[in-house]
Amino acid sequence: MRKNSIKNTRINGEVQKVLSEIIRGEIKDPRIHPMTSVVTVEVAPDLKTCKAWISVLGDEQAQADTLAGLKSAAGFIKNRLAKEVNLR
């Protein structure tokens, strides 16, 4: 695994912060458990893709429902991230 640059580390932190705000406050899907947190985010060096690790505090059914809710809201999440994160 390649070591992240300072710029990439800052972008990871910014995307993690904005993503957690989107999940906590803007998604109205009842399947998403209120105790959902973004553990870490890894943005690719070319800034085209991003992996996010999500933690859900609850039983396995709550985890499955939350993942299903987040997958169905993927388009909304991508749109909000693109509007909120300013890389310039």
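I started with the largest pocket: H3 gives the most to its lining, five residues. Helices (H or I, at least four residues) and strands (E, at least two) are DSSP runs, numbered from the N terminus.

The model is predicted, with local features needing pLDDT of at least 70 and side-chain atom pairs 80 or more, while totals for chains, interfaces and linings use all residues. Residues are numbered from 1 along each chain as its sequence is written, and side-chain values use heavy atoms, without hydrogens and water.

I then looked up the lining as a whole, which has 22 residues, with Val 15, Cys 50, Ile 77, Lys 78 and Leu 81 nearest the pocket centre. Helix H1 (6–26), strand E2 (50–56), helix H2 (60–72) and helix H3 (74–84) each give two or more residues to the lining. A pocket here is an open set of points on a 1 Å grid over the protein atoms alone, where a 1.4 Å probe fits, with protein on both sides within 12 Å along at least five of seven lines; lining residues have an atom within 4 Å of a point.

Next I checked Ile 77, which touches Leu 19, Ile 22, Ile 27 and Leu 70 (heavy atoms within 4.5 Å), not counting residues up to four places away in sequence.

Last I looked up Asp 29, in the loop between H1 and strand E1 (36–43). I noted Asp 29 as buried because its relative accessibility is 19%, the cut-off being under 20% relative accessible area with a 1.4 Å probe, protein chains only. Asp 29 touches Gly 69 and Ser 72, again leaving out residues up to four places away in sequence.

Technical notes. Buried means under 20% relative accessible area, exposed over 50%, partly exposed in between (1.4 Å probe, protein chains only).
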